[in-house]
Amino acid sequence: MLTVLSYVFLDPILALLGADEQVLPLARAYAQVVFPGYLLFGIGAGMNHFIRSSGRPKTAMATQLIGAGINLVFGPLFIFTFGWSIRGAAAATVLGQFVSFIWVMWFFIQGNTLYRLHWKYCKLKKRIVLGCMAIGFSQFAFQLASSALNFILNHALLRYGGNLAVSAVGIAVSVNTLVLMPLLGIAQGAQPLIGYNHGARKYKTSIQTLKMALRWGMMITTTGFVIIELFATPIAAVFNASDTALVELASRVIRILNALLPVIPLQVLATTFFQAINQPVKAAFLSLSRQVLLVIPLVLILPLFLQLDGVFIAPVAADAISTVLAVYLLRRFFAKHGLSVFGKSKQA
């Protein structure tokens, strides 16, 4: 239903999100192709969690790699060879989502799996639905808040820096996403392990899983931080080497927005942990603390004093505060069980 409404009111929505006369035709062309594929994406991505939870992490990883691989291969083919331009990029994305959807559905239809799809199990039960909604509320809140943040951020960037600033931040966010994707994969892999052990009252194993995820996550983000700080300009040039003004601004924004990369795993994995142990209020609070309670006010306030730099600094300041909150909540929780998330446990 939301996809249909978004498609019908496409232009007003895109304009509301900050698309001006120059950007609107491109955004419209891309969205017209991508929006119908959201149903496939929702089913494919959602059911993939069941594959991972059934003890088939390699199959779950293959689901994501297949979709991304098809997008990567067919994107240039549709854009340059077929001359479909921005629509070609969207078509490659939808094609990848469709193949991932077929892959997931086939996994649950064929017999070699712990869970199988049967129509008799598709009847909704209030207790199960409410439980799922409670556990998934933090992620819903995160996505909703991200949309609100993008709306405010785009308008602030357009006001203080124009389309050049929007493009620079887009490049910086793409680089940031590339570094954070492995971290999100670690978080998704650790979540069922934390949940299973916590449910079995094996709290020590649960915290050991969290610690291991934190170590690997910090190794990845710290490595990404060093590479970004050393090679920000060449990285920005990969996106558009011909536009020197864009490369110069983008390289600066990349360094600013990724300044706290080494500690990002603390807030990401803290949210994952509380979600896994069925404490959705804390998980939602951590998600919202950065995306709504901190970033949005900072984006509105800091530019009044720092102009465009205030827009760039706002997410970094929010990351710092939300990391402190994450550490506080983790320490408080584990102290109740005689455990320490950062040091030695008081008891087994």
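## Salt bridges

At 26% relative accessibility, Arg-28 counts as partly exposed, a class lying between buried (under 20% relative accessible area) and exposed (over 50%), with a 1.4 Å probe and protein chains only. The structure is a predicted model, in which local features need pLDDT of at least 70 and side-chain atom pairs count only at pLDDT 80 or more, while totals for chains, interfaces and linings use all residues. Residues are numbered from 1 along each chain as its sequence is written, and side-chain values use heavy atoms, with hydrogens and water left out.

The side chain of Arg-28 meets that of Asp-11 in a salt bridge, at 2.9 Å from N to O; the term requires a side-chain nitrogen of Lys or Arg within 4 Å of a carboxyl oxygen of Asp or Glu. This pair links distant parts of the chain, with Asp-11 in helix α2 (residues 10–16) and Arg-28 in helix α3 (residues 24–34), 17 residues apart. Asp-11 is partly exposed, with a relative accessible area of 30%. Helices here are DSSP runs (H or I, at least four residues), numbered from the N terminus.

By this rule the count comes to two salt bridges. Arg-252 and Asp-309 also form a salt bridge through their side chains, at 2.4 Å from N to O. Here too distant parts of the chain are linked: Arg-252 lies in helix α10 (residues 244–257) and Asp-309 in helix α14, 57 residues apart. Arg-252 counts as partly exposed at 36% relative accessibility, and Asp-309 is partly exposed at 29%.

Helix α14 comprises 28 residues (308–335), and at 1.5 Å a residue it should span 40 Å; its end C-alpha atoms are 42 Å apart, which agrees. The expected span is 1.5 Å times one less than the number of residues. At Ala-314, α14 bends by about 30 degrees, and a proline, Pro-315, follows within four residues. The bend is the angle between axes fitted to the seven residues ending at a position and the seven starting there.

Helix α8 (residues 162–199) bends by about 35 degrees at Leu-180, with the proline Pro-182 following within four residues. After α8 comes Arg-201, whose phi is positive, near 65 degrees.

## Aromatic pairs

A search of the whole structure finds eight aromatic pairs, defined by ring centres of Phe, Tyr and Trp (its six-membered ring) within 6.5 Å; planes under 30 degrees apart count as stacked, over 60 as edge-to-face and the rest as tilted. Among them, Phe-107 and Phe-108 are edge-to-face, 5.1 Å centre to centre with 90 degrees between the planes. Phe-107 counts as buried at 5% relative accessibility, and Phe-108 is buried at 2%.

Phe-273 and Phe-333 form another edge-to-face pair, with 5.5 Å between centres and 70 degrees between the planes. The pair links distant parts of the chain, with Phe-273 in helix α11 (residues 264–276) and Phe-333 in helix α14, 60 residues apart. Both Phe-273 and Phe-333 are buried. Phe-74, Phe-78, Phe-82 and Trp-84 form one aromatic cluster.

## Nonpolar surface patch

Leu-300, Ile-301, Leu-304, Phe-305, Leu-306 and Ile-313 make a nonpolar surface patch of about 600 Å². The elements giving two or more residues to this patch are α12 (280–301) and α13 (303–306), and α13 gives the most, with three residues. Phe-305 is found in helix α13 and counts as exposed, at 65% relative accessibility.

Such patches are made of residues with over 30% relative accessible area and no salt bridge; nonpolar side chains (Val, Leu, Ile, Met, Phe, Trp, Tyr) are joined within 5 Å, and like charges within 9 Å. Accessible areas come from the Shrake-Rupley method with a 1.4 Å probe, and for residues only the protein chains shown count as cover.
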